[in-house]
Structures are given as structure tokens and as C-alpha cells.
Amino acid sequence: MIIQKDFFISEKYCENKLEIDEWKRFFKKLSAKEGISILNYSDKYTKQQLLSSGIKDEYFNDDDKKFKPFQSVFRADEFERIVSIEFLEHINNNPKVAKILWEDIMTLYSPNDLNKPALAFWGNYGRPGRISGDEIGNYIPWFINNNNCLPTLKNNCLKSSAIFLNSEEIIEIAEKYLPVFQGPELSLEWKSFFNFKTHLELEDYLEVLSQISRDTDDNNQFKEDNLKRIQSIYNHLMDNCEYWNHEQIKLVENWSEENSLLNSKKFFNECNSLYYYWDGNESVFQEQYGFIYLSAENKQHRSLETFLNYFKVTILRQSEFKLVHPETQSASLLKSHLYKILPYLKVWIENDESKELLNTPLSMLDENTDALEIYEAGELKITYDELGFSKVVYTHISENTLYVKEPWDSNSVLLKLSGELGNYYNLRGHDKKIDFLLRSSIPEIKHYFEVEEFDITHIKEDDFEILENTNDNKFKSFAELESKIENNKIPPSFYHLSKLDYNALVYAESLVDRAVDNVLNYLNTLDEYDCSNSYRIAKSIIGGIFKNGNEIAVVARPSDGNKVLLYYTSEFDVLDYMDAELWCENGDLHSVRRITMGQLFKKTGMNKIPINKIEFISDDLDKLLKEKKSKILDFNPVPYTPQILSQSIAAFSNTDGGKLIFGIKEVNSLLNEVVGISKDFKIVEIIGEAVKLLSEVPQIKYDWIQHNQKILFAIEIEKNDEPILISNYKYVRVGNQNVIENRPPKTVITLSKPHYEKNVVLIISIENYFPRNQNQIPPVKYANEDAEKFKNVLIDHLKIKEEDIIVIKNEEAVKSNLEFDLKMLFNSLTEKDRFIFYYVGHGFHNGVTNYLSTYDMHSSNITETAIPLSKLLLDPLKKSKCNNALIFIDACAKIFKDENERSNISDINDDELVIYTNENPNYSIFLSCLTGQSSYSSDILMNGVWTYHLINALSGKEKSAIVNGNYITDRSLSNYLSDSVSNYTEHGWKYTQIPRSIIESSHENIILEMNDIE
């Protein structure tokens, strides 16, 4: 029996332990109990007895107390093992009492004490229902599910099914706006007992936003402490909006018609009256319009545009402005100044504590500057017709084109220029650095960096200069110039001479023979060059050289004194009219190097060159864009991988020729959409990789084309008389597909399910390298987090046992361990095993073979301190009995320099891996990026981008990775990763990262079935 004089005390109302003990003794003398007691009705009680003890009548009316053995229906009327709690009837709608009571219960008891099944007895005497009874749910679980007895942070009580778990993530969002359990952190057992809601649904996020807009202070002002909460909600909605179904989208659209979002002035505006300036600073509108307030992180989110569209926020873009200006001219001095200050900007940011928040790798700055076109004009004005807006501006940037009011270094221009460049480079928050560097001379910059003790010893003024003879008098040869100078017809000071000294010019000219010999000897060491028929067609020009089967000419120049001087007319003619390359050397074979077009741009300040273009008449292009894919036309939103592109080039050339356009999306069979394509895609390099796969190179033209403010890339392939093969296969166009000639088309996809009984997993992650202060090997951000999440997805979703997974991290991955300690692992593999390998760290190729980094790899001797991929993985796996393998390599494509070998060590090369998979058709290899690209990490995802998408696919979250409704195959995973990663990096960051895979082409290997995913 519960008697009313019983009561309890809570320790939180006492000052110290001594005081607590005194109070306890006092109350115990008054017959008070220490804490809440459980009431156990272990013996058999009638329903009426239990009602008189405080058990609610509704409990006995639940369906589990009703029994129907045949036609008759019986209600239980006697019960055993009923469990209740003292004072339970006092906590309904009383949050203070409820909070104290449940804290005591959870401290003194376990859920098993409250949740054991009770027994119900029913039916006629002598029958089983009356003798042995049946198990039913106990009273406390029923009570919390049917009564407002659990306290919430909203200071009320609700039943358990209406309450959210008090997790840190939910409290951060919901707190006082939704019913969140008010109590201590729950153990797994108590979480299961209460069965609270564990995550917020879309409706919940919208409800919180609604309540926040109405929750203002006494002056009707927005509460600043809600700012972070709003941005967290936005971030979650952006993470999921790409996956909303029709009903969810409609829910958001209806909500947006009646509710408000926060604007940049910290007031709430109706959603459809808000704007977002996609690629510029909204201050240009001078507060004439309401702009949605977004954090810097949310502005960089890959799904921002989708989020804004669903919430009816109008997006404004710089490309939609009309720029009014008089005649422009190239701002080559500004472009040249940018190249000079970029090394200092990188150093400054590297020494900044906020560098970890960068969304753009510093290595991308040079490429972004290469792509930037800059023009000056006497006056600039922008207009936005839909808004009736017009404004005089000093700077304006549209995609990769920057306009500035001349002169570019005036205070009015510089006031805005640093912000524009900060946005373009994706270096928001570093505007002040850019502004200082723009305004300062190089000596001033050096002085400041020396005062700040920044290390700039590695910054060189120029590795070499490209110097061009002005040749105003049209001299056709060095001999003619020499003759005129010797006859005193024209003083030598009228010409550019190295060191303004004629003797130096004569000396430089005498070095040409040495340059030709060294360059020719060096090219003979490179596989892609065939110099067997080479000959000198001029003093410094080598003809008859074949590169990848195509004839080219090579201009060879000395670079003594770190300068390359072009002064023969023939050199300019060859570089202008022929397929030619410019090479230089400094006296020995090791110093030979090629001068690329990008270097010419940087050193001369040029930002445009005339090129032979594909001649598209505007009307013809408009017509093409409306056509379906066909035998002579193909298009895609983003570039193909080299393997796919090579098939397209071969198929067109083997059929009737045709055109391939990147930047067009097929909406449906009747509609195409011009989406445009970023110039950050290294399409020319992809074309180069593609033609390497062809038996011969057909006649092709390619160029960037502008169409209605969008940039496209077009490739035109001519029909070839002789068949062009790929690995002895002839591809042709049949309809809009590339198919192998004479191979019967597949009507049904044949899936191959490799046979294995057990998975054996090896995970290697190297995030930091030892010792950092001497080694200077850069870290691989989030590598260990990537490895941990990959391991978890294998355990949680692929049912792989943790004891079958070996994880090697950081200091465990020293070279000696990787070389010797893993031999036993590979030796133990059987034909019944599937081997899964995952690596995240640095990876590279030294011109001979692929390497993976080790923890103790050293920058001064990379190839000796790293480990060959063949030695670590390929050879041991090939020698093992294992017939099935999945290999995942997320290798950050850094460029290292081996000082001992004096040769560049570049990205992982897939030739070795292609040969390997050809010999092992059930081995599938997945790499995070193409050769020449970087594998990026994201501070938003807190993961490597490629691994993030890989994990999503393997957990069954991505429908586009699933084929036939129930399988993830090596090919479907490859296609998903290629699309999702490249879209994420391109649309979110304007980077280029295209994953690649090496898999057997004749069939698809099943990686996992959806039925197997938990």
C-alpha cells in the first residue's frame, strides 16, 4: 500500500554531502523513504484490487487484455506481476514533479525492472487461460505511451510517442520549440524503453522555423541566439532537399507561401519577396531589396540552388546583369600583378589560423588565374531589367571574365576589387590580404613578410623569362641582324639583347647546337616521342619527330641565366603554323624541360591568343541544340572520362563523323537544356588521354563556344578512311550509341555474382606524416575519419564482422610494417574469400610504377621510403588463392619532387592497374580521381568527397547506384561515383574531380544485394 505520508528528497537541493546526510537521517526518523519505490504486484490480483491501488482503468481496456480462443470473447480479470511506481498518479501534466521522479527511477532501477511482461488470467475455471494465463504488456510502458507524464524542455508533460530524444543534435535545433525530453542523458536501454522520436522530420524543421519567426524580444526584434539554429536548419534541409519526394516538395512550397525567412538585415521577410545574389556581393543593390541571410558555410553548399528554389527565394546572377561599357582593352598589367602576388598570398594564408576553413586548395589559385580574363573600360554600368535596377560600378565579374574601370589601381576600383577576387578564388575572409597585396609593390610586400617572419625564401622572382625581339625592322634572320650591327647601320641598343650586350647575344646563339643535342637526347628517353627520323630543318628547329603517332616540330633553346630568348623568325613561324613544342635546357640532360602555353601566359602577361575555331554559325548551333542524340550528334552535361571519350571519337570517325558537345543536358526525348560547362574541366587533357587509346588519331577539331551566356565545349570528328581501333575492337555509331561492330547487342544485362563465403578487409589511412618539422609531407585531411566511416559502413550495412577487418593508421603504417607484416594476411586468403582493400593517403607514379605513401615517407627520398603498390597489394594478391577483390584507393594527387632522381613524381597511373584487372576479371578497382586531378576533402562533409559518396552508395542510400532494383554492381558504383563526385565538386566548388574505375568490360560483378543491407 502507498501511504500519503511517504515522501522523498532530491540531492540537488542540498549544498554538500554532509548536509545531504543530515537531511536523510532527519527524514528517515519521520519514516520517509530514500528515493522512489517500485510497486510490485507479484501475486494474483483482481482488476478491482488493482484499480483501488491506483492502476488506471484504461490499462485494462487495451486489446492485449482481450482473448478470443474461438467464437467467444473474454476479458482478463485477474493479473500477476503488475509493476507500478509510487506517486505515478501525481505526475500527469506536472513537469517539475515528473522530472524529479523519472531522474530518481533511472538512477535506482533499470528498464528491465519496469518492462517485464505481466500475466493476465481469463476464461472459465479449469481452462488454460485461467490456469496458466497469457503474457501481456506491463503497466509502466502502457502508462508512458498513453499519459502526459514525461517532462519536456517546453515545460509541459507529454506521452512518450510525442517527445523527441534529448540528443545534442536535436536540442541544438529544437530545444524550446519542440517537445524534447527534459532529463539526463539516456543509456541505450532507457532509450529503447521510452522509444522517443530520435530524429527530426521535414515538418519538424519547418515548425521550428515558423516558431522562431514569431519568437521575438520585447522590442519585436529577432533573437540573436537563434541565428546559429536557423543556419543549422538550413544546412540540414540542403543536405536532404535533393532527395525529397513530391509530397515533401509540395509541403515546403505551401509552407513558403505563408511563412517568412530571415533577411540580411535580421528581419523576417515573406519567402517569395527574398533574393539571393548567387555570384556577387548583395551590397551592390544598396539595401533596395531583401536578401536571405545565409552563413558562409551554407553559401558553399552543393544543394543551395535547389533549396532556394523550393523556398521560392529568387536567385540573381551576375550573368543576368547587362554590362554597359564603352570599348574595352586587356588589363595585362593587372593580370601580371596577380601572378606576382599569388605566391605571397599562398604563404600568408598558410600562416593564417583560419586556413583550415579554406574551401579552395591553394594549388588551384594559379589555374584560376590562368582562366581569368581581365578587361579595363572607361566606364562600367550594370542593369537588371527584371528589377528595373541600374548602377554605375567600378568592378564586375561574370564567370571567368573580370571588368574593371580604368585605371585598375585607383582607390575606387581597389575598394571593390579584393572582394570580387576573394569570391572568384573562393577565398572569402581573406579580402584584406588580397587588398594589401594589390596595393603594394613587391619590395613593400617582401618587407612586410620579413617583419612578420613569414618564410618566403622559396619564392623566386621568375624561373625564366620569355623575351621576344621586337623586330620592328622585320629582320628575317640573326645573320642579317649581325651584318647590320657589324656594318654600323643600326646601333645594337635599338634591339633587345641579353644584358644589353651584343657579345652575350653572340654567346647565346653559339649555345643552340648544345640545346638541340640535349633536347633530342632527352626526348629519345620518353616513350611517347619517336625521334628515329628526326632532322634539323633550321638552326634551332628539329623536324621529323613523332609524338603518339603524330608528327610535330620541336624548337630547342638554351636557358642559361634563367632566360629563354627567341630571336629567329623561323622559330615564330614554326610555333605559329605547325604542331610544335618549345623546349629549353641549361647545359645538361637533367635540365631539359618543356615550356608550356600556361608558362608563356604567366611570363608575358598575355591573356588571349588567336586559335583556329570550329566555325559554328549561330543559327546552326541553335538548330543543333534542339536535335536529339543521333548517329552524328552526341552531347552530355559534363565531359566523358578518357575511356568513354575514346569510344565516341573512334565510333564517329569509323562511321560518318559527327559532333560531340559538352554542356547540354537531355531533359527528355523532346527537350534539351543548355546548362553550360566550367572551363575548370581539363577537357583538352582528357582528349589527350583519350586519343592515346586509339590505334591512330583521326582529324578532330575542338573549341570552347559561347551561347547565350553559357559556355559549351564542342568536338568535331571527321570520318576516317581506315578503321580506328581500341584494343583491336572497332567501335561504330548505331543510332545514338557507340557499339562494337559485329558484336550482337545485349538485350539483357548479364550480372555476375562472384562466389565467396567470407570478406577479408584491409584498411590503411595515413593522415599525418612523421616527422612534420623536417619531412614536410602535407597531411591528408580527414583521412582517418574516412577510414573509420568506411569500416562502419562495412559492419553496419554489409554485415562484415569487425574481427575480419584490419585497420592500419598513421604511425602503424611505417614502411617495414607494410612490407613484411601483411604477408601472412595474403597467404591466408582462400578461393572462398572476397578481399576488400581501402587506402586513403598520398599516391603517385615515378615513371615506372605506382607508389603509396607510408607514415615514415620522406620528401627527400620519396621512392625509397614509399612502398610500391605492386609490392604492397597487387603481387601478393595475385599470388594468393583469392579470386574476388574490391580495391578502393582515395589517393590525394600531390606532386612531389625526388631530389635524388631529379625527376617529377606525378599522379597514380592506371596502365599497371588495367593490365592487372585484365588478368583478374573479378577484381574491381576504384580510384578517386583522374590523372592530373586532386582528390578533395570537404570541411562541410568532414570527409573526403569521394569516400563520402562511396559510403552513401554502399549503405544503400543512393538509388542511382542500384541496378535492376536490387543490386549494386562494380559498373553501377563506378557510374554513380563518376557523376556524383564530379557534380559535387564542380557545382559546389568549381573544382574538377572525376573518379575513375578499372573493371572488366565483358560483364558486371555484383558487389552487394539490397536484401543483404541492414
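1. Helices here are DSSP runs of H or I with at least four residues, strands are runs of E with at least two, and both are numbered from the N terminus. The model is predicted: local features need pLDDT of at least 70, side-chain atom pairs count only at pLDDT 80 or more, and totals for chains, interfaces and linings use all residues. Residues are numbered from 1 along each chain as its sequence is written, and side-chain values use heavy atoms, with hydrogens and water left out.

2. On confidence, the chain averages a pLDDT of 80, and 80% of the residues score at least 70; pLDDT is the predictor's confidence in each residue, from 0 to 100.

3. Two segments call for caution. Over residues 605–613 pLDDT stays under 50, and the model has 14 contacts beyond four places in sequence for them, a contact being heavy atoms within 4.5 Å. Over residues 895–906 pLDDT also stays under 50, with 34 such contacts in the model. Where pLDDT is low, the predicted coordinates should not be read in detail.

4. The second largest pocket has a volume of about 1100 Å³. Of its 31 lining residues, His236, Asp239, Asn240, Tyr948 and Lys957 are the closest to the centre. Two or more lining residues come from each of α9 (202–214), α10 (227–241), α28 (783–797) and α34 (945–954). A pocket is an open set of points on a 1 Å grid over the protein atoms alone, where a 1.4 Å probe fits, with protein on both sides within 12 Å along at least five of seven lines; lining residues have an atom within 4 Å of a point. Points are joined across faces, edges and corners, and the volume is the space filled by probe spheres set on them.

5. Helix α34 is mostly covered, since 10 of its 10 residues are buried, meaning under 20% relative accessible area, against over 50% for exposed and in between for partly exposed (1.4 Å probe, protein chains only). Among the buried residues of α34 are Trp946, Tyr948 and His949.

6. In helix α17 (residues 431–439), the residues Lys433, Ile434, Leu437 and Leu438 are buried. These four lie on the same side of α17 because they cover an arc of only 130 degrees around the axis, taken from the directions from the helix axis to the C-beta atoms. Their cover includes α14 (332–350), α16 (411–424) and α18 (442–451).

7. The loop between α7 (168–173) and α8 (188–194) holds Phe181, which is buried at 2% relative accessibility. Leaving out residues up to four places away in sequence, the contacts of Phe181 include Met106, Leu153, Phe164 and Phe196. Glu175 is found in the loop between α7 and α8; Glu175 is not a glycine, yet has a positive phi of about 35 degrees, and is partly exposed at 33%.

8. Two further backbone features may be checked. Tyr782, in the loop between α27 (772–775) and α28, has a positive phi of about 65 degrees although it is not a glycine, and counts as buried at 16% relative accessibility. Glu406 and Pro407 are joined by a cis peptide bond, with omega about -5 degrees; Pro407 lies in the loop between β22 (401–405) and α16.
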